[in-house]
Amino acid sequence: MTQKRKYAFISDGAVAAVRKYVPGRQPEGVVEVTSQTGDAGTGWAWDGSTFTAPARPDIPAGDLPSLVRQEGRRRLAALVEDYTDLERETWKGQLAEAQLVADGGSSALISALAVPRGLSAADMAQVIIAKDAALKAAIGPILAAQEALLNADPIPQDYRDDTHWP
């Protein structure tokens with residue numbers, strides 16, 4: 001069976017619609033979408049050889065700070081997405097107890113967490129302290145990037161682009 005190909009219907013230099021047809025069965029006057037023409041979509045411009053996506057409308061400057069913070073929040077959440085909210089609520093207490101154990105004290109919580117892992121309480125404390133340090137090391141650059149964006153004048157329209165974030 002012959003594969004269908006994409007064709008664009010052009011009206012006044014713009015793509016009116018894109019449809020798939022078996023080659024040779026497409027209507028007259030359509031333009032085949034190929035690697036040479038680039039992709040096409042409704043509303044895209046056609047200059048006779050390539051398709052161009054329409055420009056995105058600018059985001060109002062007043063909306064950008066909250067959008068930057070939303071993007072920062074999304075990136076921070078990705079760091080801890082494998083843990084439930086309830087687990088994360090215990091982290092501050094776990095760290096305090098781990099520091100107590102690291103300083104020579106004891107903790108029922110750290111001992112309980114160590115047993116199923118086959119670790120000593122001291123080793124478990126070091127695991128918790130290391131994970132906390134790693135999380136802080138990952139959080140810092142994200143917050144710094146967010147702050148840099150918030151202080152940019154103007155805030156770039158492509159604030160979500162990875163070039164602005166670690």
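1. Asp132 is partly exposed, at 22% relative accessibility. Buried means under 20% relative accessible area, exposed means over 50%, and partly exposed lies in between (1.4 Å probe, protein chains only). Lys136 is exposed, at 52%. The two side chains meet in a salt bridge (2.9 Å, N to O). A salt bridge is a side-chain nitrogen of Lys or Arg within 4 Å of a carboxyl oxygen of Asp or Glu. Asp132 and Lys136 are 4 residues apart in helix α5, so about one helical turn separates them. An α-helix has 3.6 residues a turn, so residues three or four places apart point the same way.

2. A word on the source. This is a predicted model, in which local features need pLDDT of at least 70, side-chain atom pairs count only at pLDDT 80 or more, and totals for chains, interfaces and linings use all residues. Residues are numbered from 1 along each chain as its sequence is written, and side-chain values use heavy atoms, with hydrogens and water left out.

3. Now α5 itself. Helices (H or I, at least four residues) and strands (E, at least two) are DSSP runs, numbered from the N terminus. α5 has 31 residues. From first C-alpha to last, α5 reaches 45 Å, close to the 45 Å expected at 1.5 Å a residue. That expected span is 1.5 Å times one less than the number of residues.

4. Which residues of α5 are buried? They are Met124, Ala125, Ile128, Ile142, Ala145, Gln146, Leu149 and Leu150. These buried residues pack against α1, α3 and α4 (108–114). Contact here means heavy atoms within 4.5 Å.

5. The whole structure holds 8 salt bridges. One of them joins Glu32 and Arg5, at 3.4 Å from N to O. Glu32 sits in strand β3 (residues 30–32) and Arg5 in strand β1 (residues 5–11), so the pair ties together parts that are 27 residues apart in sequence. Glu32 is partly exposed at 26%. Arg5 is partly exposed too, at 42%.

6. Arg75 pairs with Asp162 in another salt bridge, with the closest N and O atoms 2.8 Å apart. Arg75 lies in helix α1 (residues 64–79) and Asp162 in the segment after α5, so this pair ties together parts that are 87 residues apart in sequence. Arg75 is buried, at 12%. Asp162 is exposed, at 55%. Salt bridges that share partners join Glu71, Arg74, Arg75, Arg160 and Asp162 into one network.

7. Next, the pockets. On a 1 Å grid over the protein atoms alone, a pocket is an open set of points where a 1.4 Å probe fits, with protein on both sides within 12 Å along at least five of seven lines; lining residues have an atom within 4 Å of a point. Grid points are joined across faces, edges and corners, and a volume is the space filled by probe spheres set on the points.

8. The largest pocket holds about 390 Å³. Its lining has 17 residues, with Tyr83, Trp91, Gln94, Ile128 and Lys131 nearest the centre. α3 (91–102) and α5 (121–151) are the elements that give two or more residues to this lining. α5 gives the most, with 7 residues. By type, the lining has 11 nonpolar, 2 polar and 4 charged residues. Ala, Val, Leu, Ile, Met, Phe, Trp, Tyr, Cys and Pro count as nonpolar, Asp, Glu, Lys and Arg as charged, and the others, Gly among them, as polar.

9. The second largest pocket has about 180 Å³. Its lining residues include Arg56, Asp58, Tyr159 and Arg160. They divide into 3 nonpolar, 1 polar and 5 charged.
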